[in-house]
Amino acid sequence: MTATPLSSSQGAGRAGDKIFSGAALAAGCLILAVLFGVALFLVVQAIPALTAPAAEIQGGAGFFAYIWPIVIGTLIAAVIALVIATPVAIGVALFISHFAPRGLANGLGYVVDLLAAIPSVIYGAWGAAFLAKEISPAYNWLAENMGWLPIFQGPASATGKTILTAGIVLSVMVLPIITSLTREIFLQTPKLHEEAALALGATRWEMIRMSVLPFARPGIISAVMLGLGRALGETMAVALVLSSGALTASLITSGNQTIAAEIALNFPEASGLKVSTLIAAGLVLFLITLAVNMIARWIISRHKEFSGAN
Amino acid sequence: MSSTLTPVRSKRSALTKGQLPAFAPYVVLAAALIIGAAILALIGFNTFGWGIVSALLFAVGLVSWSAMVEGSRKAKDKLATCLVVGSFLIALLPLISVIWTVLVNGLPGLIAPGFLTNSMNGVTGVYDNKAVEEGAPVIGGIYHALIGTIQMTVLATIISVPVGLLTAIYLVEYGNDGRLARAITFFVDVMTGIPSIVAGLFAAAFFFAVVGPGTKTGAVAAVALSVLMIPVVVRSSEEMLKIVPNELREAAYALGVRKWRTIVKVVIPTAISGIASGVTLAIARVIGETAPILVTAGFATSINNNVFGGWMASLPTFIYTQILNPTSPANPDPSSQRAWGAALVLIILVMILNLGARLIARIFAPKTGR
């Protein structure tokens, strides 16, 4: 082999190729390293809180006594958000995919996406300044008329800054996520199924119930799970809206707290063991959302294999 | 005209028998609005209640009329349509309400003199008390927060875009759907689901361990924002690179072009519109993030131009602190005016970025057809 101008220029190109593919590989590995780092650094910084004597943790009864109520509070807020958001989101997604006029559908989808674009702190401010005030008469009514239910036990909060308000604000925030995911799934329904149902004389609702919803069920479940992941980790809406306190069953009095809001409210002024306690709380939140998200992804991937949609 | 021999009682043919006339929804709507107004007039009128009551009356009226004329199947269909349209209208309510609240409360703050050009340095409760009690102008502004937001977001973009884009290139061009590529895809999905506050805690924990306890600077916040931004950039760029036709790559290879030159000169330019709009959307997402900045950059009331040293303010944390810890606890109104003004600025920024993403996608879209 002789070194011709051609092959020598190829040598330079080969180096470029190596550098470029190496950089791409490094970037991919960096992401893995970062995620590993997230877990590692959270664990390392959290260990002091887990090993410290119980009396030194806030509340004086150890880390698990501290984290338990706020885990429950987080779940309560997220469940309220999903209970409200899921039916509305499915309705909106159906409206955009099957009811709205074709020309309008894209624009309407964009309007719903705008909901997702509004920063969470603005939702929090809106919830605290507007929604809480407007909704507190409804809480009074609930306390008077439904007070026999433990979740509506009075006296209702005068400011309306309760876990139910926080849940409603969260539901507005997860609505666009569930909507956009379910809309995609609804649009993937095989056209032939829909047309077959219509040709047999089904009304539009019967067509949706018989062909669209059965097809989309796994997709809806995973969309709701992803919404749950978002609702669990959402911070500002709760931090600004909820006047927090001890764990209570009643949704319309002040009380309860979520992990994310607890961290946001206390971390800026924290020092020493308190920092590790809060980081340990963050680790717990990370693990919960990780589990929820992985289950959702698993449902999606299983769905992909069997539906023949792709 | 002449009269017919057998007077026809209805003009409707047998084919359209048993159907509601086309004008039925409008009749029911008008009736519902009138009856709704009457009911509300009895218990005290308000527009919101009128809308709710009328909507319920409309649904009940239309469905029961349909059940009488058309039978239960058509009635169920009508009910489902009402519910679906109703849920869309319900979803619009918070959007309108949020934007209206921010506009109404934010405009006085935004047009206050010096709001965009002053910081909160030296603004104390004394001035706020004066503003409320003596009607002096509300002073103090968001200049320092704007500087902070822009610096942190730019730094986060500088970190995230190369990493995210290169990862997407690896996944599409080099990964071959191998084990590493699948692991990266999976963990990018996982990263998408990281709560923003956990990303903030990670950056804080990382810098506490590496630099020293209590390290809070704009750069730490930028790292936290990158953790949130990278997965968004990877996913959108990956989608865009995937739809670049393989023929383009093969044509380049056939001309003897190196793979990396093909990617840089052919693949990326073809996909640049989608990539750019994806990056813009990612910026729009992180620019409004509050929680990670709160735990990583602290708060500042004065201008800090150094992203690598000292506490830094940002628009979202400015809003948060002004609402939660008003400058003058006795008179929180000036603080809330500033907070809403900042919220308006933030919402305008986010909307501009969102519209910009659409424009970029349209302007730089590769010319197809001829």
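Predicted model: local features only at pLDDT ≥ 70, side-chain atom pairs only at ≥ 80, totals over all residues.

1. Residues are numbered from 1 along each chain as its sequence is written, while chains are lettered from A and ligands numbered from 1 in the order in which they are written.

2. Chain B has 13 helices and 0 strands (DSSP runs, H or I of at least four residues for helices and E of at least two for strands, numbered from the N terminus).

3. The radius of gyration of chain B, taken over C-alpha atoms, is 29 Å, well over the 21 Å from the globule rule for 370 residues, so chain B is more spread out than a compact globule. That rule is 2.2 Å times the number of residues to the power 0.38. The C-alpha atoms of chain B fill a box of roughly 100 × 80 × 35 Å along the principal axes.

4. Chain A gives 67 residues to the contact and chain B gives 68 residues; two residues are in contact if their C-beta atoms, placed from the backbone, lie within 7 Å. On the side of chain A, helix α1 (residues 5-51) supplies the largest share, 21 residues.

5. A:Pro87 sits in helix α2 (residues 63-99) of chain A. Its C-alpha atom is separated by 9.9 Å from that of A:Thr179, 92 residues apart along the chain.
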